[in-house]
Amino acid sequence: MPKITFIDLDGQQHVTDVAIGLSVMEGAIANGVPGILAICGGSCACSTCHAYVDDAWAGVVGAPNEIEDATLELANDRKPLSRLTCQIVVTPELDGLVIHVAKND
Amino acid sequence: MKRFIIVGAGQAGLQVAESLRRGGFDGEVLLVGEEASLPYQRPPLSKKYLLGEVEAPRLLFRPADHYAKLGIACHLGVPVAKLDKENRIVYLADGAELCYDRLALTTGARVRELTVPGAGDPRVCYLRGLNDAENLRVRLSQARRVAIIGGGFIGLEVAAIARGLGCEVAVLETQSRVLQRVVAPVVSDFFARIHRERGVNIQLAQQVSAIDATPDALTIITADGSSVVADLIVAGIGVLPNIELARASGLLCDGGIVVDEFARTSDPSIVSAGDCTMHRNLLYPRPHRIESVQNAVDQAKVAAGTLLDHPVAYAQVPWFWSDQYDFKLQMTGISTGYDELVLRGEPEKGAFSVFYYADERLIAADSINRPAEHMVSRKLIATPGGCYPKAQLADTAIDLKTIF
């Protein structure tokens, strides 16, 4: 399984194994990563799974689609590498991905 | 040590529990639920789950060990038999007696059942909980002809899924248009059209008077004497708030458990949140009851604040969504009582927004495949004043983000 490292708001690292086909958000929830809330359950409706893709991974993960881009308008502190983690599907290419959790409430 | 009990382990109940911990509560938290499952997401039940794209474990909000880590004790699969608010005791149906210092009622809602003759046949299904969805998913896979009673969100979402699975689908709606209770005619007409274009037989102003069940088929008889034959019937005719426990205990109920803007019931030790509440939202002059994820979550946070003696009044703009085929309907505000509509975009092209005004103020907006407009609308409606120029809202050449 691809390894995904989440860095939470306190700077703590959470190294997780997430099955291919799940979303990055589901990986965070299953491993109890603090700060990824996902109150809409991954429907791209709420922005509470907001995180920043690590600089090194920007090209691999890619950009949000139109719906995600619009939903990100609701997020706190949107930055160029902001993504909703519910919309990133885990693939073999994402093994080693580093995600920085954003301030969600 | 203080003990807070939460009755109802759905989205609102889980949110109360987590907000208590996030707010620093270090006493006992007990989450009591009638269903056997850990708290799970309901919206996918009428969407991806029914289609077979996701399985039940993926619907869980949190993994099982999360509850132990947070110190949330779950009592699941046991209904509450009685609430004694004078002595602050919750009696479970299995005989357990649980004392509390404070209580949250997040009991949700249940489906309204059909009462016409023949409605008791097991091939007449509903959709609310995971058990319903499991049953419906199996039956849908075996059905060729599906009749849906009720042209609301559940009915139309199930219709879209059933068509996607290759079933013949009919929808019978008692009103003169689908989604009548919640959207303007232009939106109703749009959804009726996209379903009809995909082969759904939508019949409006049809009152079901009986179901004739034989081993081979179910025949729906309508008040005008016509009939629809199906292998499977799905009734989506609304929900009823679960208020019986509250009412029997003496709490004030009126179309829901009555709560103020701090989610307080008529008992100072008891709060309530979610689908079961008739509640105050400071943005609206009158109390209302809303069935939605947004209300469950936001009101639950208010309820937890009140339990922690950090009351914050509820004042959030409601929002909802529905997925049908490739169309995403996103709604915000409450359109009841609107006196003017502004249309932005062309429904014929499959992407547009409708803005609802009352007394010249923007009160609600529905967006179909226009997510950016939905997001802007949420902000516009939340901003006091709300007298946005209609000509600008209607002009698709003007970026909505530049209006405010």
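This is a predicted model: local features need pLDDT of at least 70, side-chain atom pairs count only at pLDDT 80 or more; totals for chains, interfaces and linings use all residues.
**Stop 1: the contact between the chains**

Display chains A and B together and select the residues on either side of their contact. Chain B contributes 20 residues and chain A contributes 20 residues. About 1800 Å² is buried between the two chains, and carbon and sulfur atoms account for 57% of that area. On the chain B side, select B:Arg58, B:Pro371 and B:Met375, which lose the most area to chain A and together make up 26% of what that side buries.

Next, show the side chains of A:Glu26 and B:Arg58. They form a salt bridge with an N to O distance of 2.7 Å, and the count of salt bridges between chain B and chain A is one. Between these chains there are also four residue pairs in polar contact, with both residues at pLDDT 80 or more.

Colour chain B by secondary structure. Helix 1, helix 8, strand 21 (319-324) and helix 9 (371-382) of chain B each give two or more residues to the side that touches chain A. Helix 9 of chain B supplies the largest share, five residues. Sorted by class, this side of chain B holds nine nonpolar, three polar and eight charged residues.

**Stop 2: A:Thr71**

Select A:Thr71, which belongs to helix 3 (residues 66-71) of chain A. Is this residue buried or exposed? A:Thr71 is buried, because its relative accessible area is 0%, below the 20% cut-off. Leaving aside neighbours within four places in sequence, A:Thr71 is in contact with A:Cys44, A:Ala45, A:Cys46, A:Ser47, A:Leu84 and B:Met375. Within that group, turn to A:Cys44: its backbone oxygen lies 3.3 Å from a polar atom of the A:Thr71 side chain.

**Stop 3: helix 1 of chain B**

Select residues 11-22 of chain B. This helix has 12 residues and reaches 16 Å from its first C-alpha to its last, close to the 16 Å expected at 1.5 Å a residue. Of its 12 residues, 11 are buried; among them are B:Gln11, B:Leu14, B:Glu18 and B:Arg21. After the helix comes B:Gly24, with a positive phi near 95°.

**Stop 4: salt bridges within chain B**

Over all chains, the salt bridges number 29. Begin with B:Glu86 and B:Lys85, whose side chains meet at 3.3 Å, N to O. B:Glu86 is exposed at 59% relative accessibility, whereas B:Lys85 is buried at 14%.

Move to B:Arg110 and B:Glu244, where the closest N and O atoms of the salt bridge are 2.9 Å apart. B:Arg110 lies in strand 8 (residues 109-111) of chain B and B:Glu244 in helix 7 (residues 244-249) of chain B, so this pair ties together parts 134 residues apart in sequence. Both are partly exposed, B:Arg110 at 33% and B:Glu244 at 42%.

Finish with B:Glu340 and B:Lys390, joined by a salt bridge of 2.7 Å, N to O. The pair links distant parts of the chain, 50 residues apart: B:Glu340 is in strand 23 (residues 340-346) and B:Lys390 in helix 10 (residues 390-394) of chain B. B:Glu340 is partly exposed, with 32% relative accessibility.

Notes:
Residues are numbered from 1 along each chain as its sequence is written. Chains are lettered from A and ligands numbered from 1 in the order in which they are written. Side-chain values use heavy atoms; hydrogens and water are left out. A salt bridge is a side-chain nitrogen of Lys or Arg within 4 Å of a carboxyl oxygen of Asp or Glu. Buried means under 20% relative accessible area, exposed over 50%, partly exposed in between (1.4 Å probe, protein chains only). Helices (H or I, at least four residues) and strands (E, at least two) are DSSP runs, numbered from the N terminus. A polar contact is a pair of N or O atoms within 3.5 Å; within protein, one must be able to donate a hydrogen and the other to accept it, and residues adjacent in sequence count only if both atoms are side-chain atoms. Contact means heavy atoms within 4.5 Å. The expected span of a helix is 1.5 Å times one less than its number of residues. Buried area is the accessible area (1.4 Å probe) that two parts lose on being put together, summed over both. Ala, Val, Leu, Ile, Met, Phe, Trp, Tyr, Cys and Pro count as nonpolar, Asp, Glu, Lys and Arg as charged, and the others, Gly among them, as polar.
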